[in-house]
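This report walks through the fold of one protein chain.

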Amino acid sequence: MSGKMTLAGDDRPESGGDDLFAAEYVLGVLAADEREIASRRIDADAAFARLVDAWEARLSPMADAYPETVPPIRAKEALDRRLFVAEPRAGLWSSLAFWRGLAAASVAALAIYIAVPYLNPPAEQPRLIASLAADGSDVRYLAVYDAARREVGLSHVSGERAAGKDFELWMIEGKNAPVSMGVIPAGRITHMIISPAVQEKLAQGAVLAVSLEPAGGSPTGQPTGPVVAAGDLKSI
């Protein structure tokens, strides 16, 4: 078959079992009611709690790739300019009210400095997530798209590629033809660099899909095998 994507089943499932449910809980992509159910199960179901612990340990390397950002010195300087614009008159130096006000302003400045990394922050780069699965297929992936790093991080939940076959990742935007994002490297956690053209479309929301292809990927530039996992990108 060529040029047409076919799902391994009619629709992707609402749930991929306890393992996927635990992974989605750890990633924070569950709806409020589902998250409450998961929280209760952690307290009451030891097996499910172990799955959650395992996923926290398994996904931590993905989080390690995104270091904390240190606020620039210009944020403090900008706060000082806003809070202490005018020079105090000489008579104020002996004013208790002035010193109390200055202390209060300093505390407020410190609180703002700690709470807000940037006074005028640049536009935040989106970070999106998708749970990839399909009916009739045991292939499961969790995908995290980070625009700032121009990459998609993939965690392989379940399902193995057949001998002589590869999984290929595709972006589907509306009714447009699927766009290949490359062959998915083997491994439990992998990272794929995304081209600027694909990155722009991903930021607007799209569907990610995984197809089964010959070794090395599709020879036609379009999917030739069935879609074994798919899911919508959602904001986190």
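## Overall make-up

The protein chain has 6 helices and 10 strands. Helices (H or I, at least four residues) and strands (E, at least two) are DSSP runs, numbered from the N terminus. The model is predicted, so local features need pLDDT of at least 70 and side-chain atom pairs count only at pLDDT 80 or more, while totals for chains, interfaces and linings use all residues. Residues are numbered from 1 along each chain as its sequence is written, and side-chain values use heavy atoms, with hydrogens and water left out.

Of the 236 residues in the protein chain, 35% are buried. Buried means under 20% relative accessible area, exposed over 50%, and partly exposed in between (1.4 Å probe, protein chains only). Among contacts between residues at least 6 apart in sequence, 63% join residues at least 24 apart. Contact here means heavy atoms within 4.5 Å.

## The open sheet

An open sheet is built from 5 strands, in the order β7-β4-β3-β2-β10, with antiparallel pairing. Two strands pair if DSSP finds at least two bridges between them. β7 (189-193) and β10 (234-235) are at the edges. Each has a single partner strand, so one side of each lacks a neighbour in the sheet.

β2 pairs with β3 in the antiparallel sense over 6 bridges. In this pairing A130 stands opposite A143 in β3. β2 is also joined to β10 by 2 bridges, again antiparallel. On that side, L128 has S235 in β10 as its bridge partner, and I129 stands opposite K234 in β10. β2 is mostly covered, with 5 of its 6 residues buried. In a regular strand the side chains alternate between the two faces of the sheet.

## Helices on the sheet

α1 lies across β2, β3 and β4, running at about 15 degrees to β3. α6 packs on the sheet and touches β2, β3 and β4. The direction of α6 makes about 100 degrees with that of β3. Axes are lines fitted to C-alpha atoms, for helices over the stretch in contact, and angles run from 0 to 180 degrees between N-to-C directions.

Helix α1 spans residues 18-27. Its buried residues are L20, F21, A22, A23, E24 and Y25. Just after α1, G28 takes a positive phi of about 80 degrees.

α1 packs against helix α2 (residues 32-44) at an angle of about 110 degrees, with the axes 10 Å apart. That makes α1 roughly perpendicular to α2. Angles under 35 degrees count as roughly parallel, over 145 as roughly antiparallel, 65 to 115 as roughly perpendicular and the rest as oblique. From α1, the residues D18, F21 and Y25 meet E34, R35, I37, A38, S39, R41 and I42 in α2. By class, this contact has 5 nonpolar, 1 polar and 4 charged residues. Ala, Val, Leu, Ile, Met, Phe, Trp, Tyr, Cys and Pro count as nonpolar, Asp, Glu, Lys and Arg as charged, and the others, Gly among them, as polar.

## Nonpolar cores

The largest nonpolar core has 25 residues. Such a core is a set of buried Ala, Val, Leu, Ile, Met, Phe, Trp, Tyr and Cys residues joined through side-chain atoms within 4.5 Å. L132, V152, L169, M181, L202 and V210 touch the most other members. At least two residues each come from β2 (127-132), β3 (140-146), β4 (151-158), β5 (165-172), α6 (196-203), β8 (207-214) and β9 (226-232). Apart from this core lies another, of 13 residues, among them A22, Y25, V52 and L59.

What does M181 touch, beyond residues up to four places away in sequence? The contacts are V152, L169, W170, M171, M192, I194, V198, L202 and L208.

β5 and β6 run antiparallel and are joined by 4 bridges. E168 stands opposite V183 in β6. The hairpin has 6 residues between the strands, and G174 takes a positive phi near 60 degrees. P178 is found in the loop between β5 and β6 (179-183). P178 is buried, with a relative accessible area of 13%. The C-alpha atoms of P178 and Q222 are separated by 6.7 Å, though 44 residues apart along the chain.

D232 is found in strand β9. It is partly exposed, with a relative accessible area of 34%. The C-alpha atoms of D232 and S131 are 7.4 Å apart, across 101 residues of chain.
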